[in-house]
Structure formats: structure tokens, C-alpha cells
Amino acid sequence: MTTKALVESIDATLYAPCAKDNIDAFYVGDFLSRVMGKAPSGCAWITVMNNINVAGVGVLADVAMIVLCEDVHPAEDLIERCKTENIGLVSTKLSAYEVCRNLK
Amino acid sequence: MTSIKQSYIVDGNDFISCGHASEAVKRTLKELGMPSDLIRRVAIAMYEGEINMVIHAEGGVADVEIFSDGVKIYLRDHGKGIADIEQAMQEGFSTATDDIRELGFGAGMGLPNMKKYADEMEIDTEIGVGTTVYLGFKVR
């Protein structure tokens, strides 16, 4: 799906723009090592984790976009890092389950 | 065969900068035009090693050697050592504390991920002395 459609479908707030126009792979999880072990390259990663290491994992695992759910608002350093690394960063009030339900 | 050697100090008290060495190596590999699959495997496995050194060993040193057809990484620390390597290699086993887990680490996937992404892995450990993890990667 297009990144724009994804953001709209979960009524998300954009904090850092995504470098990719389309995202076709997704991963849900909060344990960072699980994400690095399983998340596909170029995916949108749906999580409630909110710290600078989330960006680090995003960089190393080639994540295209981080979706913070359950109304988690990103820390300032996470926003800045995502902008620097061209990783999309959005926040939504929906739960991880509800985000996934909206993906098409 | 010519190679590029890099050495990084991993600060044991700094979760914020944790990953800088892996990211630097990733950048170098990109600049050298290495295959993206190799770059991703090296970056993830090395980051796991960095995290382990911060969580369990108060830091250490990462020595990286880049060849035209692969990468060798030696992660050396002077931490407490690994009591049972077989157990430590099991997915989900972790001795990390709750505050580490709250940061999203300590899932017990560090060493299994390193094994998954590297082509060669050797662990040399001694209780009370430290641990050296060797990771070898080949262009596939």
C-alpha cells in the first residue's frame, strides 16, 4: 500500500517523513532483538517502544517506517534521529491490533 | 588479500550511543558497494554484539576487518563470561534485568540472531575473565 494511504488509514500523526512511497511488508513487536531477527527489510514496524534505540534498530534492520501505536508520542531525540536517517515516524491512537486490521 | 581494518570502543555505560559502531561499519560497507544482504546481516549481528557488551560486560572492543568477499568481526569484552553457552544460544534465554527489558532489550535473541545472520560464529569465554565472539560473513 502507499505510505500516504497507510498514514491515513490509521489516522496517524506524522513526525518524520518516510523515504519510500510504498510499503508492502509489516512487522509488529516490541522486543528489539526480535524485530531485528524477524522484521523484513523495508517494512513498517508497529510498536509501542519509544526510545532512541528504536531508531537504531530501524537503521540497522532497514526499517522504512516506525508506527507508534496506543497514542505513544515519540521522544524528541527519536524524532530527530528518524529525520536524519530518512525513516518515517508516525503515531496513532490505535492499538497494534487495530493498526493491522486497517492494513490492506 | 588486502583488507580494511577498523576498531571501535563500545562504551559500557551508554545505551544511547549503543549501535554507533555497527552503524559506522554499515556506512563503510555501503560506501564500498558491498551487497545489501551482507550489509544488513553484518549490521544486525554486530549491533546484537554491541548490546550484549553493554548489558553484560560494561563495554568492550569491536575489531572489524573488511575483505572484498566478506567481513570478520571480533567482539572482545572483559565481562563476567558466559556460564553455559548452549543455554545462552537458546532463543528466549536471557539474564538481562527488568530495567534492560523495559528498554526493549533482553529478549534472549542476541546470540541466536548473531548465529542466524553470520556464516561463521565462535565464542571463547571464561568466567570472570571475559568473552570473545568471532563473527564471519561471506558475500553470498
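At what angle do α2(B) and α5(B) pack, and how far apart are their axes? In this predicted model, the two helices pack at an angle of about 155°, and their axes lie 9 Å apart. An angle over 145° counts as roughly antiparallel, so α2(B) is roughly antiparallel to α5(B). Their crossing is left-handed.

Let's see who takes part. From α2(B) come Arg41(B), Ile44(B), Ala45(B), Glu48(B), Gly49(B), Ile51(B) and Asn52(B), while α5(B) brings Gly110(B), Asn113(B), Met114(B) and Tyr117(B). Sorted by class, this contact has five nonpolar, four polar and two charged residues.

Now turn to α1(B) and α2(B). This pair packs at an angle of about 165°, with axes 8 Å apart. The two helices are therefore roughly antiparallel to each other. The crossing of α1(B) and α2(B) is right-handed, whereas that of α2(B) and α5(B) is left-handed.

On the α1(B) side you can look for Ala21(B), Ser22(B), Val25(B), Lys26(B), Leu29(B) and Lys30(B). They meet Ile39(B), Val42(B), Ala43(B), Met46(B), Tyr47(B) and Glu50(B) in α2(B). Here the classes are eight nonpolar, one polar and three charged residues.

Here are the two pairs side by side.

| Helix pair | Angle | Distance between axes |
|---|---|---|
| α2(B) and α5(B) | about 155° | 9 Å |
| α1(B) and α2(B) | about 165° | 8 Å |

**Where the chains meet**

How many residues of chain B are in contact with chain A? The contact joins 20 residues of chain B to 17 residues of chain A. On the chain B side, α1 (20-31), α2 (36-57) and α5 (110-117) each supply at least two residues. The most comes from α2(B), with five residues. By class, the side of chain B that touches chain A holds 10 nonpolar, five polar and five charged residues.

**Chain B as a whole**

Stepping back, chain B has five helices and five strands. Along the sequence they follow the pattern β-α-α-β-β-α-α-α-β-β. Its radius of gyration is 14 Å, close to the 14 Å that the globule rule gives for 140 residues, so chain B is as compact as a globular protein of that length. The C-alpha trace of chain B spans about 40 × 30 × 25 Å along its principal axes. Of the 140 residues in chain B, 38% are buried. Among contacts in chain B with a separation of 6 or more, 60% are between residues 24 or more positions apart.

**Chain A as a whole**

What about the partner? Chain A has five helices and five strands, and from the N terminus on its elements run α-β-β-α-β-α-β-α-β-α. The radius of gyration of chain A is 12 Å, close to the 13 Å that the globule rule gives for 104 residues, so chain A is as compact as a globular protein of that length. Its C-alpha trace spans about 25 × 25 × 25 Å along the principal axes. Buried residues make up 48% of the 104 residues of chain A. Of the contacts in chain A with a separation of 6 or more, 49% join residues 24 or more positions apart.

How values were computed. Residues numbered from 1 in each chain as written. Chains lettered and ligands numbered in written order. Predicted model: local features only at pLDDT ≥ 70, side-chain atom pairs only at ≥ 80, totals over all residues. Contact = placed C-beta atoms within 7 Å. Helix = DSSP H or I, 4+ residues; strand = E, 2+ residues; numbered from the N terminus. Nonpolar A, V, L, I, M, F, W, Y, C, P; charged D, E, K, R; others polar. Rg over C-alpha atoms; globule rule 2.2 N^0.38 Å. Buried ≥ 20, exposed ≤ 12 C-beta atoms within 10 Å, placed from the backbone. Axes fitted to C-alpha atoms, helices over the stretch in contact; angles between N-to-C directions. Parallel < 35°, antiparallel > 145°, perpendicular 65-115°, else oblique. Left-handed = near helix turned anticlockwise from the far one by under 90°.
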